[in-house]
Amino acid sequence: MEQTFEQYVINWWTEYIEDHQDDSKRLMELFIGEEETIEDYFDEGETPYDWLMAKGEEDAEEIYEHFFGYRADHSILADDLPDTETFLTEMFKQAYTEKYDFVDELIEDMAGHAEGYDTPYGFFHDLSYGGCSSGMIGMFIYNSDCKRFYIDHIDDLEEFVEDFEEGIGEPVRNDKHLPHYVFICWLCYEELAYNIARTLYPESF
């Protein structure tokens, strides 16, 4: 079942903390100010493990920023922590499970862009305003790259567009008179991204 951003992060967090109970004190120190001690945060009888496990969906963004945001200090984290791009790739894949042969490649590209933001919301927000035509998606800046991708995935790209048109009940028009292969590549990238964004952030997209 697809999960929102908050659900995905907290489910990962719970499993991660359970597997790293011995590191609870060090992990808790990531969340407190330099002038504070972890004892300032405890209720009576509470342990660092208890405090970390009590974090809920309202803390998902903070957890993500500390562990995967572009300012996260990975040098002080466990060696088995997934890198940000891998974490995002898996998050995006669970958010969109339809099978088209181009999906994985585009999702990996989105993850590469999103790792440069505090959270993936920033990437999807920027894409929703500028789209591929803004030049923010490097793999589809040049017509030649779009043409190559279109040829490699022509059947599934066209099927994706047909399914999208069926869903909205009308054909999609190439109003800017772009080359067909550019239009299709941009449309598929943007609509795939919006599908993922709507799953991860249902109240924003």
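How many salt bridges does the structure hold? The structure holds four, a salt bridge being a side-chain nitrogen of Lys or Arg within 4 Å of a carboxyl oxygen of Asp or Glu. The model is predicted, so local features need pLDDT of at least 70 and side-chain atom pairs count only at pLDDT 80 or more, while totals for chains, interfaces and linings use all residues. Residues are numbered from 1 along each chain as its sequence is written, and side-chain values use heavy atoms, with hydrogens and water left out.

The protein contains 10 helices and zero strands, where helices (H or I, at least four residues) and strands (E, at least two) are DSSP runs numbered from the N terminus. Read along the sequence, the pattern is therefore α-α-α-α-α-α-α-α-α-α. The C-alpha trace spans about 65 × 30 × 25 Å along its principal axes. Of the 205 residues, 43% count as buried; here buried means under 20% relative accessible area, exposed means over 50%, and partly exposed lies in between, with a 1.4 Å probe and protein chains only.

The salt bridges can now be taken up again. As a general point, side chains of opposite charge can pair when their charged atoms come close. One of the bridges joins aspartate 145 and arginine 148, with 2.9 Å from N to O. These two residues are three apart in helix H8, which separates them by about one helical turn. Aspartate 145 is partly exposed, its relative accessible area being 24%. Another bridge links lysine 55 to glutamate 62, with the closest N and O atoms 3.5 Å apart. Lysine 55 is buried at 10% relative accessible area, whereas glutamate 62, at 30%, counts as partly exposed. Arginine 26 and aspartate 23 also meet through their side chains, at 3.7 Å from N to O.

Aromatic contacts come next. Rings of Phe, Tyr and Trp (its six-membered ring) pair if their centres lie within 6.5 Å; planes under 30 degrees apart count as stacked, over 60 as edge-to-face and the rest as tilted. By this rule the count comes to 29 aromatic pairs. Among them, phenylalanine 5 and tyrosine 64 have ring centres 5.6 Å apart and planes at 65°, so this pair is edge-to-face. Phenylalanine 140 sits in the loop between helix H7 (120–130) and helix H8 (143–152), and tyrosine 189 in helix H10 (residues 180–200), so the pair ties together parts that are 49 residues apart in sequence. Phenylalanine 140 is buried, with a relative accessible area of 0%, and tyrosine 189 is likewise buried at 0%.

Helix H10 also holds leucine 187, which counts as buried at 10% relative accessibility. The C-alpha atom of leucine 187 is separated by 28 Å from that of glycine 69, a residue 118 positions away along the chain.

Glu2, Glu98, Asp101, Asp104, Glu105, Glu108, Asp152, Asp155, Glu159, Glu162, Asp163 and Glu166 form a negative surface patch. Patches are made of residues with over 30% relative accessible area and no salt bridge, like charges being joined within 9 Å and nonpolar side chains (Val, Leu, Ile, Met, Phe, Trp, Tyr) within 5 Å. Helix H6 (103–114) and helix H9 (154–168) each supply at least two residues of the patch, and H9 gives the most, with five. Aspartate 155 is found in helix H9 and counts as exposed at 61% relative accessibility.

Finally, histidine 177 lies in the loop between H9 and H10. Its phi is near 55°, a positive value in a residue other than glycine. With 69% relative accessibility, histidine 177 counts as exposed.

Technical notes. Accessible areas come from the Shrake-Rupley method with a 1.4 Å probe; for residues, only the protein chains shown count as cover. Lys and Arg count as positive and Asp and Glu as negative; His and the chain ends are not counted. The place of a charge is taken as NZ of Lys, CZ of Arg, CG of Asp or CD of Glu.
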